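Here is a short briefing on one protein chain. Look over the sequence and the model, then read the points below.

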Amino acid sequence: MLRTFDLVLVGVMTATAAVTYTIKHRAELKLEEVHRLEAEIKLEEDTIDLLKADWALQSQPNRLERLVKAYDDELQLQPTQSTALVHAKELPMLKSEVPVPEVTEAKASAKGATEASGKGTTLAGAAATMKAQPVPKPAPRAEPEDDADEIETGSVE
């Protein structure tokens with residue numbers, strides 16, 4: 001009986017060792033993946049820092065002023081007029097907010113105009129019988145409530 005019990009214990013120990021090895025191997029693989037991801041993150045952060053530094057160099061006012069002077073004949077740049085600047089609320093409404101024209105009435109009136117004048121009806125006659133839709137207008141410009149909408153300009157010198 002002692003031999004059977006010993007064989008069972010040896011089997012349990014072997015199974016336990018196999019499970020422990022498998023868990024350890026999976027943990028090492030996960031650790032390698034974590035190190036790989038950390039290296040990728042570090043590379044991306046370094047790339048972002050490099051691009052920010054490059055942007056700072058490219059957008060220096062002195063450099064831009066030299067480029068404007070060098071290519072003035074080709075580009076013919078003009079200063080922005082203060083009347084050309086608008087707030088977001090002054091823009092016209094979105095296409096999704098524009099009222100949809102009533103197509104059924106337009107077709108009915110165009111069909112009636114065709115029957116009344118014969119087969120020689122033009123599109124202009126049909127368009128004249130359609131109802132005119134109101135044109136959306138931008139909201140009136142109000143005083144800015146906060147400083148976020150104001151545009152600050154600085155010297156190029």
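**Briefing**

Leu 77 sits in the loop that runs between helix H3 (72-75) and helix H4 (103-117). Helices here (H or I, at least four residues) and strands (E, at least two) are DSSP runs, numbered from the N terminus. The model is predicted: local features need pLDDT of at least 70, side-chain atom pairs count only at pLDDT 80 or more, and totals for chains, interfaces and linings use all residues. Residues are numbered from 1 along each chain as its sequence is written, and side-chain values use heavy atoms, with hydrogens and water left out.

**Overall build**

- The chain has five helices and zero strands.
- Along the sequence, the pattern reads α-α-α-α-α.
- Buried residues make up 3% of the 157 residues of the chain. Buried means under 20% relative accessible area, exposed means over 50%, and partly exposed lies in between (1.4 Å probe, protein chains only).
- The chain's accessible surface is about 14700 Å². Carbon and sulfur atoms hold 62% of that surface. Accessible areas come from the Shrake-Rupley method with a 1.4 Å probe, and for residues only the protein chains shown count as cover.
- Among contacts with a separation of 6 or more, 67% join residues 24 or more positions apart. A contact means heavy atoms within 4.5 Å.

**Confidence**

- The mean pLDDT of the chain is 77. This score is the predictor's confidence in each residue, from 0 to 100.
- A pLDDT of 70 or more is reached by 64% of the residues.
- Among the elements of the chain, H1 has the highest mean pLDDT, at 96. Helix H5 (residues 123-129) has the lowest, at 49.
- Residues 119-123 stay under 50 in pLDDT. The model gives this stretch three contacts beyond four places in sequence.

**Nonpolar patch**

- Leu 64, Leu 67, Val 68, Tyr 71, Leu 75 and Leu 77 make a nonpolar surface patch of about 510 Å².
- Patches are made of residues with over 30% relative accessible area and no salt bridge; like charges are joined within 9 Å, and nonpolar side chains (Val, Leu, Ile, Met, Phe, Trp, Tyr) within 5 Å.
- Helix H2 (residues 61-70) gives the most to the patch, with three residues.
- Leu 77 belongs to the patch. Its relative accessible area is 48%, so Leu 77 is partly exposed.

**The loop between H3 and H4**

- Gln 76 also lies in the loop between H3 and H4.
- Gln 76 has a positive phi of about 50 degrees, although it is not a glycine.
- Gln 76 counts as exposed because its relative accessibility is 58%.

**Salt bridges**

- The structure holds four salt bridges. A salt bridge is a side-chain nitrogen of Lys or Arg within 4 Å of a carboxyl oxygen of Asp or Glu.
- Side chains of opposite charge can pair when their charged atoms come close.
- Lys 24 and Glu 28 form one of the bridges, at 3.7 Å from N to O. The two are four residues apart in helix H1 (residues 2-58), so about one helical turn separates them. Glu 28 is partly exposed, at 39% relative accessibility.
- Lys 42 pairs with Asp 46, and their closest N and O atoms are 3.2 Å apart. Both lie in helix H1, four residues apart, about one turn of the helix. Lys 42 is partly exposed at 47% relative accessibility, and Asp 46 is partly exposed at 36%.
- Lys 69 and Glu 65 meet in a salt bridge of 3.7 Å, N to O. They are four residues apart in helix H2, so about one helical turn lies between them. Lys 69 is exposed, with a relative accessible area of 61%, whereas Glu 65 is partly exposed, with 27%.
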